[in-house]
Amino acid sequence: MNHHVDTKRVQDILLRAGKCAAEILERHDIPYMLAYGSLLGAVRHKGFIPWDDDFDLMLFDDSYDKAMNFLRAELPDDFFLEDAQSEPLFFHAWSHIKDLHTNATYSLFPQDNLYSHKGVSVDLYMARKIRRCDLNSYRNDENSAYIQRRKEKGLITPEELSIRLAKLQKDRENSAHENITDTHDVFALLSSRCKFLELNEVLPLKRYQFENYEFYGPRKAEIILEKIYGDFMKFPPAEERIGHYSSVEFY
């Protein structure tokens, strides 16, 4: 566990932010679900993974912009929606809910230190419904747009730019050789661990216990977690049980 971070205090802030977001979204009938480490936490721990200082929600492309407008308008004053409207240097493909009373630093994701607000944050990922045969081109286009955003804002070193462009070129070449003809709809993810989810793995959503609250999650959490993490009930080795933040100050 990271000795510079009061993980429990961070988790309390993130849980409150997640609950605020869930209440706003449910009030407006906008679907969302627990994702990644938060979904794993719900299934394996009925709450946070003990060393986790992160909270992940996933929304859907057909209601994402509407959801962001409600969150922007209705989040409590100590949280705010961080996106291209509120952060001039914003380069992520998804929005965040940031806490205004913490100052966090990242050594794992140094580019995230460049944003003007440094608070601990909730990730608001997006699942996009597309045809399976369009998945690779979608991911490659999104990756290209991400590189371009960072380049335009001067937020990428020449070395990283060159590595990312070479990988993108390789991905495009591999995609061209695959020739996938499957036209059924899937939910595309931008994650490196899992490229897509089947619609019937996700819908209909169901509720999961997470600490003292119930959030929506996908219909088949275990199948999804196995795709992402493999044997997800097995704890990682001690040296891998680390949080995202290098340090967090509270004020």
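Colleague: Which residue just after H2 takes a positive phi?

Modeller: Lys-46 does, with a phi of about 55°. Helices here are DSSP runs of H or I with at least four residues, strands are runs of E with at least two, and both are numbered from the N terminus. The model is predicted: local features need pLDDT of at least 70, side-chain atom pairs need 80 or more, and totals for chains, interfaces and linings use all residues. Residues are numbered from 1 along each chain as its sequence is written, and side-chain values use heavy atoms, without hydrogens or water.

Colleague: Is Asp-29 buried or exposed? And Tyr-36, buried or exposed?

Modeller: Read relative accessible area with a 1.4 Å probe on protein chains only: buried is under 20%, exposed is over 50%, partly exposed is in between. Asp-29 is exposed, at 71%. Tyr-36 is buried, at 11%.

Colleague: How many residues of H2 are buried?

Modeller: 9 of its 10, so H2 is mostly covered. They are Tyr-36, Gly-37, Ser-38, Leu-39, Leu-40, Gly-41, Ala-42, Val-43 and Arg-44. These residues pack against S1, S2, S6, S9 and H7, with contact meaning heavy atoms within 4.5 Å.

Colleague: Which residues of H3 are buried?

Modeller: H3 covers residues 64–74, and its buried residues are Tyr-64, Ala-67, Met-68 and Leu-71. Viewed down the axis of H3, they fall within an arc of 100°, so they line one face. The arc uses directions from the helix axis to the C-beta atoms. Exposed Asp-65 and Ala-73 sit on the face turned away from the buried side.

Colleague: Which residues line the largest cavity?

Modeller: On a 1 Å grid over the protein atoms alone, a cavity is a set of points where a 1.4 Å probe fits but cannot get out; a pocket is an open set with protein on both sides within 12 Å along at least five of seven lines; lining residues have an atom within 4 Å of a point. Points join across faces, edges and corners, and volume is the space filled by probe spheres set on them. There is 1 cavity of 30 Å³ or more. The largest cavity holds about 70 Å³. Its lining is Met-33, Leu-34, Ala-35, Tyr-36, Leu-39, Met-58, Leu-189, Leu-197, Ile-224, Leu-225 and Ile-228. H7 gives the most, with 3 residues. The lining has 11 nonpolar residues, no polar and no charged. Here Ala, Val, Leu, Ile, Met, Phe, Trp, Tyr, Cys and Pro are nonpolar; Asp, Glu, Lys and Arg are charged; the others, Gly among them, are polar.

Colleague: What is the volume of the second largest pocket?

Modeller: About 320 Å³. Of its 17 lining residues, Tyr-64, Asp-65, Asp-83, Ala-93 and Ser-95 are the closest to the centre. H3 gives the most to this lining, with 5 residues. By class, this lining has 7 nonpolar, 4 polar and 6 charged residues.

Colleague: Is Lys-98 buried or exposed?

Modeller: Lys-98 is buried, at 2% relative accessible area. Lys-98 is in strand S4. Its side chain joins that of Glu-82 in a polar contact of 2.8 Å: a pair of N or O atoms within 3.5 Å, where within protein one must be able to donate a hydrogen and the other to accept it, and residues adjacent in sequence count only if both atoms are side-chain atoms. The Lys-98 side chain also reaches the backbone oxygen of His-117 at 2.8 Å.

Colleague: Where is Asp-182 found?

Modeller: In the loop between helix H5 (158–178) and strand S7 (185–188). Asp-182 is partly exposed, at 32%. Its side chain makes a polar contact of 2.7 Å with that of His-184. Arg-132 is 50 residues away along the chain, yet the two C-alpha atoms are 5.7 Å apart. Leaving aside neighbours within four places in sequence, Asp-182 contacts Arg-132 and Cys-133.

Colleague: Which peptide bond is cis?

Modeller: Most peptide bonds are trans. The bond from Leu-203 to Pro-204 is cis, with omega near -5°. Pro-204 is in the loop between helix H6 (199–202) and strand S9 (206–210).
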